[in-house]
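Me: Could you take a close look at one part of this model for me, the stretch with the domain annotation, and walk me through how it sits in the rest?

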Amino acid sequence: MSSLSSARLKRSIALHLFLTPLALIWLFPLWMMVVFSTMPDNGIFSPGIELLPHGNFIDNFNNLQRDTDFVGAIIISVCVAVTYTVLSVLLTSMAGWALARYQFFGKSVVVAIILGTITLPYAVVLIPQFIMVARDFKLANTWVALIVPPLFNSLGVLFMRQSFSMMPDDLFDAARVEGVKEWRIFVFIALPLARPMLAALCIILFLASWNNYLWPLLINSQPGSMTAPVALGTLIGLTKVSWGGIMAGAVMLTVPMLIVFVLLQRHFIAGIAAGAVK
Amino acid sequence: MRNRNATAYRFLTPYLLIFAIFWVWPIISSFLISFQATRTVPWRFAPGFNWGRLIGDPAFFNALKNTLLILVIQVPVMIALAMVMAVLLNSPLLKARGLYRFAFFAPVVVGEVAYSAVFRLMFSLDFGIVNKLLNSIGLPKVDWFSNVTPAMALIMIAVTWRWAGYNAIILLAGMQSIPDDVYEAATLDRVSKLKQFFYITLPLLKPVIVFCAVLSIIGTMQLFTEPFLITERGGPGGGTETLGLLLYRQGFRSLNFGYASAVAYTMAGLAIAITLVQLWLTREPK
C-alpha cells in the first residue's frame, strides 16, 4: 500500500513540475499586458528586463485618451454588446424552443441549414453584408449596423434546442391541458427553467460582441462610431503613439472579462463546451 | 412533440428573417459578384474576369500557401497541446486545479486586438521581453518581424496561445462525459494509464477531436487580425499574408468586390472539402 501511494506521490509531483511552467508561460502575456500598462513609454522601450508593475497606469490612460476617444468607444462597445446580447438571446432561444418542442413542415431543412453554416466561412457573406448595410441600407457608422447583422448565430440555437429538448414533456402538457397559450408556456415555464443555460449563452454572446473586430472595423470606421477594439486597433502600427496607452486600453478591454470569467467560470465553460457535447 | 406549423414558425420567424437577409442572400450574392467586373460602373457580367485573374495571381497563391502552411502546422500542434492540457487538468492527482484552469482558459476571453498588441510588444526586436529573455540565457535575438520564418512562427505562437485553452475546454468536457466505470474496469485489469489513454480515451473522444479540428481549421483559414495587427498587414513583404488578409485588401482597400468574392468562395470551397472529410471520418461504421 505504501509503495502504491509513493508512486502516486511521484506521479503527482511530475504532473505539477510539468504543468506549472506551462501555466506560467500561458499567463505571461496577460501578466505583461498589466506590467506594460503601468510603465512609462521610455520604460517599455528600455534595455532592462522589467517584470513587475509600476505606477504609471493613469498617465498611460490619459495618453490613450489623447490619441483616441477611448472612453467614448468603450461606451459604444458596452451599449452595443448589451443590446446585442438581449436581442440575440431572445432570438436564439425562441428558435431553439421551436426546434426542440414542435414538429413542423420543413424542420429537417432548417436544422440542416443551421448545421451547415457552422462550417461555412464568414468571409463568404462579408462582402455582400457590407455592400447591403453600407450602400443599400445606408447604415454604416450606426449602432444598428453593429448589432443586427451578427444576430444570426448557429451554435447558440443548437445549444438552446438541446437545453429545451431535455425538459420533461409532462410539464408543458399539463399547462396545455389548462389552456395556457404556447408563448406563455415559453416565457413563464420554459425560460425560467433554462436559466443556467441562458446565463451561459449570455456570457458567450456578450463576449463575442465585445471582442468582435473585423465587422466593426469595416462598417463603423468613422471616429466617434468606432467600438473600443477598433479604436485601439487604429493605434497599433502608428509611429508616434503611446504604447503604454495602448496597453492601458488592452487592460481595460480584458480585465473586466477576466473578472467575469472568474466569477461565472462554470457557466462560461458550459457555454463553450456545449458545442461538442451533442 | 406536436405538429404545429403556425406556432413553430411564429417562434422561428425573427431568427429566420435575420438569417435570410444577412446570410442566405449574401451567400448567393457573393457567388454572383464573383462573376462580375466590379470596378466599372455599372458592374458588368464577365464570367472569367475574377476567376481568371485568381488562377494567375501570385498574390493569391502566396496567400493560399501561407494559409495552408499555418493550417497544417498550427492546428495539429494546438490540438495536441489542448489534449495534453485537458488530460492533465482531468487528473485526480492535480492540486489547485482552479489556478491551472484559469491559466489555460483565460486567453479565451481576451480580444484579438488586445492580445495582438501585447504580442507585438513582447516580440519586438530590441526591447521585446522575449528577445531580452533569450539573450539572458545566452541565445541570440530573433528578428520576429523582418524575416518570414520567425514572423510565421510568431503568428502561429499567438494563435495557439489564444485558442489552445478553448479547445482544451471542449476536449475536457468530452472526457468527463466518458463513464468512470470504463476506466475502473481497465484499472482492475491492470491496463496502464498510458494504454488507457490510447485505447479508451482517444477512440471515444474521436468525434470531439474532429469537431475541434474542423472548428480550428475553419477559424485558421479565415485568419485576419493577427497578420493584420501583429505582423503589420501580412509583413514582411507579404510573408504572412493570409487569404483573409488578401480578401480584406482586395475588397476593402482596393474596393474590388468581385475579386474579393472569388477569394471568399475559394475559402468556402476549402471549408466544404474539409467538412466532407470530417463527415467521412466520423461516419457511423456499418
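**The annotated stretch of chain B**

Reply: UniProt, in an unreviewed entry, lists residues 64-278 of chain B as "domain: ABC transmembrane type-1". UniProt positions follow the numbering used here, feature names are shortened, and annotations may be inferred rather than shown by experiment. Bear in mind that this is a predicted model, where local features need pLDDT of at least 70, side-chain atom pairs count only at pLDDT 80 or more, and totals for chains, interfaces and linings use all residues. Residues are numbered from 1 along each chain as its sequence is written, while chains are lettered from A and ligands numbered from 1 in the order in which they are written.

Residues 64-278 of chain B are 74% helix and 0% strand, and the end C-alpha atoms of that span lie 21 Å apart. Helices (H or I, at least four residues) and strands (E, at least two) are DSSP runs here, numbered from the N terminus. Chain B as a whole has 12 helices and three strands, and its C-alpha atoms fill a box of roughly 75 × 70 × 35 Å along the principal axes.

Now for the packing. Of the 286 residues in chain B, 44% are buried (20 or more other C-beta atoms within 10 Å of the residue's own; 12 or fewer is exposed, in between is partly exposed, and C-beta atoms are placed from the backbone). The largest nonpolar core has 165 residues, and those with the most contacts inside it are Ala250(A), Ala82(B), Val118(B), Ala168(B), Leu171(B), Val263(B) and Ala264(B). A nonpolar core is a set of buried Ala, Val, Leu, Ile, Met, Phe, Trp, Tyr and Cys residues joined through C-beta atoms within 7 Å. Helix α7 of chain B (residues 148-176) gives the most to this core, 17 residues.

Ala250(A) shows how the chains meet: leaving aside neighbours within four places in sequence, Ala250(A) is in contact with Met33(A), Ser37(A), Leu232(A), Ala114(B), Ala117(B) and Val118(B). Contact means that two C-beta atoms, placed from the backbone, lie within 7 Å. In total, 80 residues of chain B are in contact with 73 residues of chain A. Helix α1 of chain B (residues 5-33) supplies the largest share of chain B's side, 18 residues. That side divides into 57 nonpolar, 17 polar and six charged residues, counting Ala, Val, Leu, Ile, Met, Phe, Trp, Tyr, Cys and Pro as nonpolar, Asp, Glu, Lys and Arg as charged, and the others, Gly among them, as polar.

One loop deserves a look, between α10 (225-230) and α11 (243-253) of chain B, where Pro236(B) is found. The peptide bond from Gly235(B) to Pro236(B) is cis, with omega near -5°. Arg233(B) is in the loop between α10 and α11 of chain B too; Arg233(B) isn't a glycine, yet has a positive phi of about 55°. Arg233(B) is partly exposed, with 15 other C-beta atoms within 10 Å.
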